[in-house]
Structure formats: structure tokens, C-alpha cells
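Please have a look at it first, and then we will go through some of its parts together.

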Amino acid sequence: PPNLTVPRGKSPLVTREGDTVELECLVSGKPKPIILWSRADKEAPMPDGSLQMESYDGVLRIVNVSREMTGSYRCQTSQYNGFNVKPREAMVELIVQYPPTVEPVYMEMRQGLGRPVVMTCRVLRAHPSRVLRFEWLLSNRLLHAGAFDAQRDETEYMIRNLNRDGWGEYTCNVINEAGAGKCTFQVTGKAYPPEFYYDTYSPLWQNRPRVYGFKLQWTQMNPNAVDRIVAYRLGIRQMGLQRWWEQEIPVEGAINKGELMTHNLTELIKPESYEVRLTPITRFGEGDSTIRIVTYSAPINPHLREFHCSFEEEPICMFTQDKNDNFDWTRHSAATRDTKYTPNTGPSGDRSGSKQGFYMYIETSRPRKEGDQARLVSPFFNVAPKNPYGITNPPALVSPFFNVAPKNPYGITNPPAYCFGFFYHMYGKHIGTLNAFLKQKGQMTSEGPVWSLTGNQGDRWKQAKVSIHPTASFQVALEGVRGSGIEGDIAIDDVTLEEGECRDPPPNLRSVALPTSSHIWLLCVTLVMTLLEGQR
């Protein structure tokens, strides 16, 4: 019958994780039986994934042994040549040693100058569990070394007062017979990245035909974790181009957690998109950057200090055609004008003189009749929208709502002033009337025009300005009234709305323009008064 033994010194068998190990049982007998290997301490698969492995020479060879393979292994003879012989078996104990497993494997620690820093490296498991020693290093320079206390499973290193030389990579090596586990700490004064705020009310504005602006807002992540942020480096790059433009935004005083910061981007070219990069700067240097994309879109609520519409784009700045009039205004440019246009009326270019530029006009050819009206109505304007962060600056105009800041539930006793301006072209012998209206929200009765002009004004563009004083959300409207014939086209361009009273209203255009007869009457009165004064 077969005989099965374990060679001297082969159990327990001690090895290190990652090594190759051979478990051995000596078998005798004729013929020699096949040896079957399996786990004796638990039901677990063997290295090849099966529950049993065969060996013809009694050796079980394990490559790249792991800590999970620690335990008892059974070697057993297989069926002995068909005879009913009781199987022989023996046990081999395998012990796999491995270096300490520690935490944290890597940790970034951000701290300002003059502050304490405490780093702790903790042992989770190791075999043998008796740890020999630890050592702390900064960039491979030994700082501290020692042996573990029997009752402790962690080691600590403290910097009481961080200076510039204290920034860098610290490592803690925890060492036993099988090797070393390593904790790594990156001590840095880098500021955390800013976090862009994507819920800005009306971030995009446009006050010139070919450029737009964007209100960039952000908060600072953990602003007090490091030294005070003294500035931000702003980088901006047009999408598709390589060149970055950079500038520094200085920061006055400390930044509070959750504080919303604002910087206006200007001179952005329509309709291009831009990549924006924001980097905080401290005494340490540059911190982590944040990047976002600014994309142009026809704004629903452009944030404006000055509303300016030159009708160069199809949405016509959210102006709409009044549904209760007789006909509509037409967007037009001289370059695309119909060759059958009516001569001796209408402009030959936009307000700037360009034949490619667009303007709005009323076409007075048939079937239009005398007295027909066309009204172009702005969106609603609210003065200074609600500001969840507190109003620290004078109110800005916002389209389609311009709001008086803050809203007064008891009524506005000192309504703000706005200067409503536009250019007009009223050329032709049949010119009718151009009216400008202020329409306030909640207003039940219609008021007269804030500006009005009738009759031929010559073949040139002129500017009109009028101060308005809304007490609630409002719209402005421009109404063209058809005159007595087809040579009565009226055009408008470059409509503006600015905060404050009109500074330099054009002559004879303050409030409602007086008819010609009234001017003559006033002139006569003036002459009479002058003559009487001279006779005294």
C-alpha cells in the first residue's frame, strides 16, 4: 500500500507574497498513486480555479502566491489501482507574509503658511502583524524614524508652523519582514479650483451689433483652506483657435465661503463661442484651474446697461409686430431692395450709410390706405431684477424685463429716468406720422405718444431722443401711420434705451414735437415781444 509523508521543513512553509512556492508530499508504493491537492481549512478553489488539483510527483507548484492563499492544504492519494485501499493523506501549512497595508495611500493636504499640519499613517493589516519600524521622509530626506508602540497601529508626523520649505511630498514607510507599506501626503499651498455659477440671471448682453458681453460668475471652493487669494488669472480663447488671452483680476480682502464673484467679459465676437479658464493665485502661486465654455445665443434676457438694437439679425432684438394694427413693419436692407421699389421715398442705406445694413420700414404702397397703422413693440422691460445676493450696485437694464430696484410694494415715488432714442428716416411727399409710445404694465387706458413727428423731413437719417419715467414694467412701441399716398415710406434704425435722462436731445425733439403751425405762431410771439422790449 502507498505511504504518504511531508518532508522535514516543508510544513509550515513560510513565503512572501508574489513568490513562487512548492508544496510537497512524498509518496511511496507500487505503482505510485496520483496525489490530489485541495484546501483543508475551508472550501475554496485551488490556484487553477478547481476544487482539486492532480500531481504525479506529489508537488503542488503555486506561482505568484497571494495572501489569500494562506492556510492548510491536504495531499491525498487517489484510488489505488482499482483496489479498495483506504486513501492516505497528509497536511501542509502555508504561511504567506506580506508588507503592511496602510492608509491613506495618497492624500493631498492644502494648508496656508504659518498653520499646523498633522499627517497620520495607519496600518490596516500585515503578516507578520508585528511591525518592525516606520520612517517619515520629505522628498527622500529622512525626517523621523522609530518603532511602533505595541498598543498602536498608526504613526503621526506634525508640522507645527508650515513654512515655504515645508511644502512638498511626504512619505511614511511602515516596514515589516515582508517589505514596506507607504503612505504619501502632498502638502501644498495651492488654492482649490473656483466653481463656475451657471444660474446667473441674464448672463449675456449685447449693446453693439457685432459683439456681445457675458457676465461670468463663480464661487471659490474652500477659500480659507490656504492663504488668501490675491487675484485670479483669467484666460480666454476663441474656440477653434490656439492663442489664449490672459489678464489678472485682483481680489480685495478675504473671500467668504459661498461668496459670488463677478467679472464681465466684453468684446466677444458674435456668434463665436469661447473657452474660459479661471485660476486662483495665492502666495504659493497658481492654484487649480476651472474651465467652462461661453456660447453665444440670441439672448432671452440680455443684461444691459444700454439696450441697443440695430436690426442686423432676424430676431430683431425680441421686438414683435402688434397684432391689433393694420399692417407690419418690414426688416430691410438697400442691398436686397426690390427693383420695383417706390422712388422718391425711403432710405438708400441704413443709419450708418451701409447698403448691407438692415433697418425697419413701413411699405406704404397699395393695398395700404391713408391712416393705416403699423406698430413695432419691444419686449417688456423690468428695471433691475431681483438680486438674491443683495443689491450693491445701481440697477442695470435687463431685457426683456427692466426692473426698478428694488421693487416697491407701496409704489415708486421717484421713478427712474431712461433715455429712449432711435434714428428715423421720413422722406417723401406723402409721409404720414411716426409716433413713439410708452406702455406700462397694468395700464388700463392708452396714453398719447411720448414723441411724435409728421411730414417730410428730407432724405437723411435724424435722431430722436426722449426721456421716459416708467413706474412699472414697461414696453416701448414705434408706430408708423400711412400718409396720403405711396411716397410715404418711414424707416427706423438703432433703437436705444439708456439709464438716466437724455443728456443731449436733438433740437425740436423734446417730448412731443410741435406741428409746423405751432412753431410759426411761437416765432411771431417772440418777434412781437422783442419789438415791445425795444420800444421801452
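Which residues touch the most other members of the largest nonpolar core? Before I answer, let me say that what you see is a predicted model. The largest nonpolar core holds 34 residues, and those that touch the most other members are Phe311, Trp329, Phe420, Phe422, Leu434, Trp451 and Ile468. The largest share of this core, five residues, is supplied by strand β33, which covers residues 418-426.

Let me stay with one of these residues, Ile468, and ask what it touches once residues up to four places away in sequence are not counted. The list is made up of Pro416, Ala417, Tyr418, Phe420, Leu438, Val450, Phe474, Val476 and Leu497. There is also a second, separate core, this one of 25 residues, and Ile236, Met261, Val276 and Leu278 are among them.

Next, I would like to turn to a glycine. If we leave aside its neighbours within four places in sequence, Gly458 is in contact with His425, Met426 and Tyr427. Gly458 and Lys429 are 29 residues apart in sequence, and from C-alpha to C-alpha they are 9.5 Å apart in space.

Now to the aromatic rings, where a search of the whole structure finds 15 aromatic pairs. One of these is formed by Trp167 and Phe284, an edge-to-face pair at 4.7 Å centre to centre, with 90° between the planes. Trp167 lies in the loop between β14 (154-159) and β15 (168-176), while Phe284 lies in the loop between β23 (274-281) and β24 (290-294), so this pair ties together parts that are 117 residues apart in sequence. Elsewhere, Trp136, Tyr157, Tyr170 and Phe185 form one aromatic cluster.

Finally, let me mention two places where a charge sits over a ring. The charged end of Arg243 sits over the ring of Trp245, at 3.9 Å from its centre, and the charged end of Arg351 sits over the ring of Phe423, at 4.3 Å from its centre. Thank you, and I am glad to take questions.

Notes:
Residues numbered from 1 in each chain as written. Predicted model: local features only at pLDDT ≥ 70, side-chain atom pairs only at ≥ 80, totals over all residues. Heavy atoms only, no water. Core = buried A, V, L, I, M, F, W, Y, C linked by side-chain atoms within 4.5 Å. Buried < 20%, exposed > 50% of the residue type's maximum accessible area, 1.4 Å probe, protein only. Helix = DSSP H or I, 4+ residues; strand = E, 2+ residues; numbered from the N terminus. Contact = heavy atoms within 4.5 Å. Phe/Tyr/Trp six-rings, centres within 6.5 Å; stacked < 30°, edge-to-face > 60°. Lys NZ or Arg CZ within 6 Å of the ring centre and 35° of its normal.
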